[in-house]
Amino acid sequence: MSSPADDSDFGANEWLVEEQYQLFAKDRSSVAQSWWPILERYAAQRASGEAETSMSEARKTAVAAPA
């Protein structure tokens with residue numbers, strides 16, 4: 001399974017973005033406001049990645065189910 005940052009430009013700093021995102025998700029004010037746009041974009045990528053993963057799993061289930 002790929003992470004949300006795989007298709008982004010976070011590169012080697014993905015760990016830092018993920019760490020900041022975890023703090024941001026719990027308490028937005030715990031992260032410097034300059035990070036907010038980055039973390040909002042990261043959250044959108046996570047949501048998109050989760051939606052794609054869910055759709056892939058649903059397709060696999062539909063294909064595997066007997067007719």
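**Note on the salt bridges of this model**

1. Glu40 and Arg28 form a salt bridge through their side chains, with an N to O distance of 2.2 Å. Glu40 belongs to helix α2, while Arg28 sits in the loop between α1 and α2, so the bridge ties together parts of the chain that are 12 residues apart in sequence.

2. How exposed are the two partners? Glu40 has a relative accessibility of 40% and counts as partly exposed. Arg28 is partly exposed as well, its relative accessible area being 35%. Partly exposed here covers the range between the buried limit of 20% and the exposed limit of 50%, so Glu40, at 40%, falls in that range.

3. The structure is a predicted model, and a search of the whole of it finds two salt bridges. One of them joins Glu18 to Arg46, where the closest N and O atoms are 3.0 Å apart. This pair links distant parts of the chain, 28 residues apart: Glu18 is in helix α1 (residues 14–26) and Arg46 is in helix α2 (residues 36–64).

4. Glu18 is partly exposed, at 23% relative accessible area. Buried would require a value under 20%, so Glu18 does not count as buried.

5. On confidence, the protein chain has a mean pLDDT of 77, and 61% of its residues reach 70 or more. Over residues 1–6, pLDDT stays under 50.

How values were computed:
Residues numbered from 1 in each chain as written. Predicted model: local features only at pLDDT ≥ 70, side-chain atom pairs only at ≥ 80, totals over all residues. Heavy atoms only, no water. pLDDT = per-residue confidence, 0-100. Contact = heavy atoms within 4.5 Å. Salt bridge = Lys/Arg side-chain N within 4 Å of Asp/Glu carboxyl O. Helix = DSSP H or I, 4+ residues; strand = E, 2+ residues; numbered from the N terminus. Buried < 20%, exposed > 50% of the residue type's maximum accessible area, 1.4 Å probe, protein only.
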